[in-house]
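Student: I have a structure to go through with you. Can we take it a piece at a time?

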Amino acid sequence: MRGMMAVLRKELADHFASKRFIILFLLIYLAGIAAIYVAGQNIRNEVSESTRFVFLRLFIVSGGQMPPFPFFMSFFVPIIGIALGFDAMNSERASGNLSRLLSQPLYRDALINAKFIAGVVVIAVLVTSIVAIVSGLGLRMLGIAPNGEEVFRLLLFIIITVIYGAFWLGLAIMFSIFFERTAVSALASIALWVFVFFFVPVIATSVANAVVPVDQNSKIDVLVRNEEFRQAISRLSPATLYGESIQVMLMPELGSASAALMLISIYVSGMVPTPLPISQSLTIVWPQLVALIALTAVCFAIGYVRFMREEIRST
Amino acid sequence: MSQPVVETTDLTKVYGEVTAVDRLNLRINEGEVFGFLGPNGAGKTTTILMLLGLTEPTSGSASVCGFSPTRDPLKVKRIVGYFPEKIGFYNDLTARQNLRYTADLNGIPPAEVEKKIDALLEKVGLSEVGDRQVGKYSRGMEQRLGIADVLMKDPKVVILDEPTSGIDPQGIEQILGLITDMRNQGITVVLSSHQLHQVQRVCSRVGILARGKLVAEGSVEKLGMEAIGGGTYRIEVQTAEPEPKLVEAVQKVPGVISVQSSDKTLVVNCDRDIRPQLARVVVDSGALLVEMKIEKYGLEEIYMKYFKES
């Protein structure tokens, strides 16, 4: 424990003093603030007097050409995780520090645990501060304060986002353990991110359309089957798991993890749903959250086992 | 005889089909400077890794100050300092910051840390550049920082793997001086190196490893005796008019171990410098002395012999 705390202190100090942190900081701040600012301009068009969760709307609404805030989070948080983790182990090896470190009296896993925890702390700091700043901006622009439930939902949003970031961090750290060169681990992580973000939706749609073909004359139940199939495939990707979780968290009216299916059911039944309490929203996305945490654990575990068993030579 | 500080019993490491270390039985005593020699791939680094608990042995056991590196690696690492080949530091941190990190990892109380860092930087001659980033250090400075780093934890044993590689002669002198300092402080030093002349200068005992096996162990003099079949000196005597009785006469000179004669040259193997006596014997026998050359056998010759043989 003592060894891990020592490494943690150093890793945190390194992260916060690095140029890398400043770049990530600026990146997410600019994106987040831009999204919220534009959303703030457009929010008057989107909400009416009867909308209960106006403050949360700020985080969901898109401003004209700008995608909404959750999109930016879903786009940039993996980059943050990857940027913090891709050179975790291989830079130590390359700089000749690893042998020296492991000859000190600390358990080998203290090193990898501390690097992971330091990364999660940095992600948490970045995400919390952007949400806080955006909330402040929102308060100023709208003049409406969030109510207790909204604050709680925002807190859950932060936690889920940090878990998502931790997944990409764990993945990047795993690659940094398997690959000797930092460039290779960075590329592998980014390639996976591109695949998850851009290709999985396309693949999901194509496969669904191949198995359950739809056209303009399709009946509702065929449409539903197609959508369910597409969703099932896209849920293999952590981006989808994250996206669905935060959607349900930030939109209390959403009664199911699938927005599309929800829309279809509203259309069919004609009933506009009432907003759900937090516990219910959480229950809906519980499978997604568990899957996300499990994926993170698995990636980290693979890297962990490999690191613990490998032979550390300086030459 | 007191318990050896480092002891291995049939220590073996096999990688697939290659046996890197083959039933090694090594004994290193307290306070000595032990030289660990061998060609590349002999198994020196593998043995060192097993002693530190950084690799699991395939069979056999090791013990460092009574602790087992496989069962109690932390206890071993607390008292053993390791200076790996190609040591590295965090280049964007200063020397002091790097040493502070090492102190933190070793649990040294904050009150002592600064004084210790100052003392060690002074000792290795880096006091003036202590606050400069290590990335700007020369190779020699970095190696000296390595010695300071290794001494941070007040180790009982220090294992150095090629500490002088890539260093200029002045730097080498400094490092050898620091190694001698360590010995004077009572630290047991294990020096793994190819630099035979340096090893010969500082080491009291030497072990030669070849293909995973310890082929020779002992002081340089003792190894010389074993390797050359006799003495550590070789004197070549060139005479103008050799007499057949000369060879017998030379053999009678005390200190001579063996004599070989060919044409006008006598090659005398001896355990001390007996040139004056040989000169007298040659002149007394009536032959004319042309030239006498003396060579002292060192580790290089011993090493080559074992290397060739294995």
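Student: Which residues does A:Arg153 touch, not counting residues up to four places away in sequence?

Tutor: A:Arg153 touches A:Leu56, A:Val248, A:Met249, A:Pro252, A:Leu276, A:Pro277, A:Ile278 and A:Ser281 on that count, where contact means heavy atoms within 4.5 Å. This is a predicted model, in which local features need pLDDT of at least 70 and side-chain atom pairs count only at pLDDT 80 or more, while totals for chains, interfaces and linings use all residues. Residues are numbered from 1 along each chain as its sequence is written, chains are lettered from A and ligands numbered from 1 in the order in which they are written, and side-chain values use heavy atoms, with hydrogens and water left out.

Student: Is A:Arg153 buried or exposed?

Tutor: A:Arg153 counts as buried because its relative accessibility is 0%. Buried means under 20% relative accessible area, exposed over 50%, and partly exposed in between, using a 1.4 Å probe and protein chains only.

Student: What does the side chain of A:Arg153 reach at 3.0 Å?

Tutor: The backbone oxygen of A:Leu276. The backbone oxygen of A:Val248 is 3.3 Å from a polar atom of the A:Arg153 side chain. A polar contact is a pair of N or O atoms within 3.5 Å; within protein, one must be able to donate a hydrogen and the other to accept it, and residues adjacent in sequence count only if both atoms are side-chain atoms.

Student: Where is A:Arg153 placed?

Tutor: In helix 8 of chain A. Helices (H or I, at least four residues) and strands (E, at least two) are DSSP runs, numbered from the N terminus.

Student: Now the largest nonpolar core. Which residues touch the most other members?

Tutor: A:Phe59 and B:Ile159, in a core of 118 residues. Such a core is a set of buried Ala, Val, Leu, Ile, Met, Phe, Trp, Tyr and Cys residues joined through side-chain atoms within 4.5 Å. Helix 8 (residues 148-178) of chain A gives the most to this core, with 17 residues. Apart from it lies another core of 48 residues, including B:Leu160 and B:Tyr303.

Student: What about the interface? How many residues does each chain put into the contact?

Tutor: Chain B puts in 29 residues and chain A 26 residues. The buried area is about 2,500 Å², with 52% from carbon and sulfur atoms; that area is the accessible area (1.4 Å probe) that two parts lose on being put together, summed over both.

Student: How many salt bridges across it?

Tutor: The rule finds two between chain B and chain A. B:Asp104 pairs with A:Arg9, with the closest N and O atoms 3.0 Å apart. The rule asks for a side-chain nitrogen of Lys or Arg within 4 Å of a carboxyl oxygen of Asp or Glu.

Student: And which element gives the most to the side of chain B that touches chain A?

Tutor: Helix 3 of chain B, with five residues.

Student: Last topic, backbone. What is phi of B:Cys65?

Tutor: Near 50 degrees, a positive value in a residue other than glycine. Most residues other than glycine have a negative phi. B:Cys65 is in the loop between strand 5 (59-64) and helix 2 of chain B, and is partly exposed, with a relative accessible area of 28%.

Student: Where is B:Glu162 found?

Tutor: In the loop between strand 7 (157-161) and helix 6 (169-184) of chain B. Phi of B:Glu162 is also near 50 degrees, and B:Glu162 is buried at 6% relative accessible area.
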